Amino acid sequence: MIAWADRRGGVVDKLYRPRSIAIAAMAISALGFFIVLPPITQRSPLWPVALGLIGTLCGIAAVTRGVRRLGWLAVALGIVSMGLGVLATESSVGHLNNVVVWSALFASMLRYATPLTWAAIGGMFSERSGVVNIALEGMMLAGAFFGILGAQKSGSWAIGLLAAMGAGAGLALIHAFFSINLRADQIVSGTAINFLALGVTGYFFVDVYGALGTPSDIPRIPNVDLPLDRWQFIDGVFGNLNLMIWLSFALLIVSHIVMFKTPIGLRIRAVGEHPRAADTVGINVYLVRYACVIVSGMLAALGGAYLSFGFGGAFNEGMTAGKGFIALAALIFGAWRPFGAFSACLLFGFSYALAYRLPEYSGSAATLFLALPYVLTLIAVAGVIGRSIPPAAVGRPYRKQ
Amino acid sequence: MSEQVPPVEQPSPGEGPPSPAARLSSLQRAGGIVPPILTVIVAFFVGGLVVLATGHNPLTTYREIFAGTGLNWFFQVGSHEIGVPYSDATVWFPWNVNDIESVAAFNLQQTLLLWIPLVFTGLAVAFAFRCGMFNIGGLGQYIVGAMVAVWVGSSWVDMQPGLHVILAITLAALAGALWAGIAGFLKATVGAHEVITTIMLNWIAYWIGNFAFGQGGPLQNKVNESVPVSSDVAPGARLPVFWGDPLLQGLHIGFLLAIAALVVYWITLTRTTLGYEVRAVGFNPEAARYGGISVAKSYFLAMAIAGLFAGMGGALDILGWQFRLGQIDIQNLTLPFIGIAVALLGRNTAVGVALSALLFSALLNGTSTRNLDPEVFQPELAGNLTLMIQALVLLFIGADLLILGLWARAKRAGSRRPRVPTAEAPT
Amino acid sequence: MAEAAPTVLELKGITKEFPGILANDHIDFDLGRGEVHALLGENGAGKSTLMNILYGLYSPDEGEILVKGERVHFSGPGDAIDHGIGMVHQHFMLVPVMSVAENIVLATEPRRGGVLLDYDAADRRVRDLADAFRFKIDPKARIENISVGQQQRVEILKALYRGADVLILDEPTAVLTPQEALELFGILRSLTREGMSVIFITHKLNEVLEIADRITVLRRGKKIETVPKEGSTEEQLARLMVGREVLLRVEKKAPEPGETLLTVDQVSVEDDRGLPAVRDVSFEVRAGEIVGLAGVDGNGQSELIDAITGLRSMHAGRVTVGGKDVENTSARKVLDAGLGHIPEDRHRRGLVLDFSLAENIALHDYKEEPDSRFGWLFPKRLIVRARRLLKAFDVRGGGPTTLASALSGGNQQKVVVAREVERDPRVLLAAQPTRGLDVGAVEFVHRRLIEEREEGRAILLVSLELEEVLSLSDRILAMFEGEIVGEYTPDVTPEELGVAMTGGAREQVVA
């Protein structure tokens, strides 16, 4: 919603906008937390508390000036960074150095965010055209399994990616047929697809690979080595990322352009907001929805493929473990926009990255970080921080006259 | 997905898609029990094709699965004198309930053990559905219930046994109600769509569970700190077994509670003012509001009651036969999701839920590792076959909604009172 | 005009049957260049079906369409658009969250580099087009932020942008204020001067005589006659439309008003968009009288009803029912204070269509004895009571356990009336109580309302049908743009009341 706000206006104007205040607030709070961590490792709890407090107050100021979503986010960040900052000053420097390696954290954030990004952007296409897709989870899983199957049988990761897209498109086709032509409840259909994917992938996994699982010599999606040695931090983050991560950045930009800068995007959005209006000017509603659902299946499947033979090198039954639902959450949290969804994916990816580094400290408490995406999305749909408004016709089957 | 009515064109309220409950009800009347049965047959048929395609014999596979369900126990009709509990009297009964050890009896006990939570999670979906909501949060509500049950059951070991069980079940049910109530509350106050909120609540519960039983978690056992499992439920907090061997997972009295829950479900909906309100809101919230019913309250209560059922289902599993809960259990939990298929296949009626829960529990048990002969069909495959059949059932329920809809419309069109088609054709 | 103009469009023998009803029965229709041809008929006469066929939304079972003499077949709106036919639907086909320009260029977008949407060109073209027809419209404005009248102009521009020279307008004035309607007529006149042809669908006689060159009257799917405007009168058209002289006279005694039972005191209400819909309205209704609230649809009546009945919160003011303050309480409190409410829309609000009649009749009382006790419902008692009421109100087509959806409209309305009257309310609010009913049912409802008046109830009748208000009411209030603009006795002429309802009387009241 905020992104719809007027974009014009002078630079000076911009600085005084509540939106800028909220962003500044977040930056201040983040700084408060940042300085107690390596490499600075400031040891006094006063700093994070003071800066966090300023951030919180600025956040409240932004909220009272009408920027609800970012404002509340700033308030939350302020409070969290105060708490975490104090905790960090209490713990030993050795521990901190182990957990907080910024470049590694960022790189791992990107690794965790990427499958989510693929699936979330896939979901965006489907939902923008008016078809709810809670089957992202199943489509990812299908992509993960059939991608690795294709790669292993053909000896080529590229064929594997094609196989993944095919599997995702296949499931999407079922979802599209049931929810568009048969006008079945899209939630029921999506739930069914999730089970179907779980059953089918599990079945063929056992049938093809048996108890031994996928072999270890799977052709993996390659990493891209960049000669960035001169900048240590940049190198640590971007030096050796998987191809799919780079492709996801491209996907992000392309999908933003398609959705908001092209006639195709205008038509997709029209179909998702008011299908009859689209129909009366001669747009084929069914065709648009079919295309979008299938694209959504292919993108989600590519996210799954990255999981099984990009990020890792093996398939396990049910290996997506809720990532499709986090992608859905990111889509909602990002208000059905590519960059919004991507930001949410980064945030959620960061919480994953932290969760897998913190056990050093806290045992299983770190897993609570994995609940964060869902808590934030719950708060977002509750409207506390500015409501996420979906496309108006999402979930409603369209009946041609 | 919240109701955001664009000011320009309201998608013609009268003709627009009615609430799911209203749609379902009209279809239910149209087809009776034929469509669900057809749905199941088609699902099994397609499942059989998959079995065939991968080089196995579907007929022997299904026969073997059936043998594992224990339902063949019912074929052994005879004449038996059965003792009445807590008395010396005996009554005549066609089935030999005294038989607690035969393979069929044991298998049936296991099937019925699974039937119990399926009934409860099925009712959790069904009750919310009757109020026009789609509760796919059974998983979270079940987890929360199970967690509270294991916590209460393994604490206060000195408590009086009967009281301990009741306390554990009650608190677990309330916890489930509270958890689902969050979704109901958000729906009632800000109109947040229950599908989204319950999905989120599922995963929040999932990770809280992983935290609680994980290393250093508050509910992890104190004996062996490397195992992410809770302490055991105290003997006094365990449910008595009334059929079968208590040491071999006999059937506990949760079975009777499940039957009671089905009856309560039916009575609540048809014989109480609360049920009247819930159904009115489910069919037509605007008319309910006009009639003086608080729609928000109904949403909240219906969701809370749904959670009550699911939480209780979780508690009975813990107190009845699992006696402990661990990270692995939570991670492998799909049973509450089957509740969705149970409710939809059972058309959200008490009898329907009971029957479709039996179908799925039999399928689950028949395909379990223990029951299936690997020579005939690998049990690992069979478990996935169950998932597929379940998915197909869900898909075809969606489809038969349509088939029935067409049929109902054709029937209505042929009847004496044609509806004047307005130029505004239905959206 | 018409005789000289070449025919641009012709429909021959169009027949369309829906399951169980013949919506269009061999209808002929033609349209000359530069002509406004009105399609007049009651609701359900088949006007919209015919136009949806012309626009390619339905395909006819029989008959043919000729555009400029050439036989055409439309398989969708796209084909109709290609042949220069544009349609402005009654419910606008606009995407609320998109801009004016985006809505207008949708599906025929100007491109840049072959791929990208050229927003600048879109804005420019829309602005040029709007300037050419002297429309004041901002191409960048979002649809949801502009007025209904402007939205309608966007719809017209949308058709013009696609090169339409035949414009179909489906009940275009239903959503407009009188001022906006006048502006619309001005626009249509300038369009026809440019050589456009217009088909104007309506059921309002005065509009037809105002704007049309020729008038075709439809009744029950059949074409009755096509007449030129010259020499036509409202009476003659009404006769063609309805088929017999409309005579709505209800026998009733002189009123004997008693104590005041409903007072509405300086009430202001906002609509869904937060705009003022009811402004500072005050009136009272006394026992034994019927007060009619007359007005054109959308002048705040619905919001006022909702506010009185507790279904919508009011911004300011007081409402008492039988002496009890009920403003901003709840629907339940208002019911308990003794208000019966026959709602505007029985499907949306009055009935739970999937409930049985017995359950529907219990909608207000299910919580009280004898229907229930301590939360325990007694279905048998509901049935017993329903059986009695259905008999008393002569509801046909089903018993207590029949679902409400299985009944005809008239019988459904009888069930609603039965339920509301049965509670013995002191105040009865009847909102459009005869909407969509057949003649027999209308008579029943009217007789019943008079009887309830004799019983000493205070009755507030809100209706869009002038005849109904005039024939039933003891006092008449005219409502316009959320205000009461005049009070009249039943011997007021329809013309005088009509003027008041459209804002003409405002100065007189002020003066």
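**Notes on a predicted three-chain model**

1. Where pLDDT is low, the predicted coordinates should not be read in detail.

2. A word on conventions. This is a predicted model, in which local features need pLDDT of at least 70 and side-chain atom pairs count only at pLDDT 80 or more, while totals for chains, interfaces and linings use all residues. Residues are numbered from 1 along each chain as its sequence is written, and chains are lettered from A and ligands numbered from 1 in the order in which they are written.

3. Chain B as a whole averages a pLDDT of 82, and 85% of its residues score at least 70. Chain B has 15 helices and four strands; helices (H or I, at least four residues) and strands (E, at least two) are DSSP runs, numbered from the N terminus. Among the elements of chain B, the lowest mean pLDDT, 58, belongs to helix 1 (residues 20-31), and the highest, 96, to helix 5 (residues 138-154).

4. How is chain B packed? Of its 427 residues, 57% are buried, meaning that 20 or more other C-beta atoms lie within 10 Å of the residue's own; with 12 or fewer a residue is exposed, and in between it is partly exposed, with C-beta atoms placed from the backbone. Among contacts between residues at least 6 apart in sequence, 75% join residues at least 24 apart.

5. E101(B) is a handy local example. This residue lies in the loop between strand 2 (90-93) and helix 4 (103-130) of chain B, and E101(B) counts as exposed because it has 10 C-beta neighbours inside 10 Å. From E101(B) to L114(B) is 13 residues in sequence and 18 Å in space, C-alpha to C-alpha.

6. Now the contact between chains B and A, which takes 49 residues from each of the two. On the side of chain B, helix 6 (161-190), helix 7 (194-213), helix 13 (335-345) and helix 15 (379-414) are the elements that give two or more residues. Helix 15 of chain B supplies the largest share, 15 residues. By residue class, the side of chain B divides into 34 nonpolar, 13 polar and two charged; Ala, Val, Leu, Ile, Met, Phe, Trp, Tyr, Cys and Pro count as nonpolar, Asp, Glu, Lys and Arg as charged, and the others, Gly among them, as polar.

7. Which strands pair with strand 10 of chain C? Strand 3 (residues 36-40) of chain C runs parallel to strand 10 and is joined to it by five bridges, with L40(C) opposite T202(C). Strand 9 (residues 166-170) of chain C also pairs with strand 10 in the parallel sense over five bridges, and here L169(C) stands opposite F200(C). Pairing requires that DSSP finds at least two bridges between the strands.

8. Elsewhere in chain C, strand 4 (residues 62-67) has two antiparallel pairings to look at. With strand 1 (residues 7-18) of chain C there are five bridges, and E10(C) has L66(C) as its bridge partner. With strand 5 (residues 70-72) of chain C there are three bridges, and L66(C) has R71(C) as its partner. The hairpin of strands 4 and 5 of chain C has two residues between the strands, and K68(C) takes a positive phi near 50° there.

9. Finally, four strands of chain C form an open antiparallel sheet in the order 14-13-16-17. Its edge strands are strand 14 (276-286) and strand 17 (324-325) of chain C, each pairing on one side only. Seven bridges join strand 13 (residues 260-270) of chain C to strand 14 of chain C, and V264(C) has F283(C) as its bridge partner in strand 14.

Definitions and conventions
Contact = placed C-beta atoms within 7 Å. pLDDT = per-residue confidence, 0-100.
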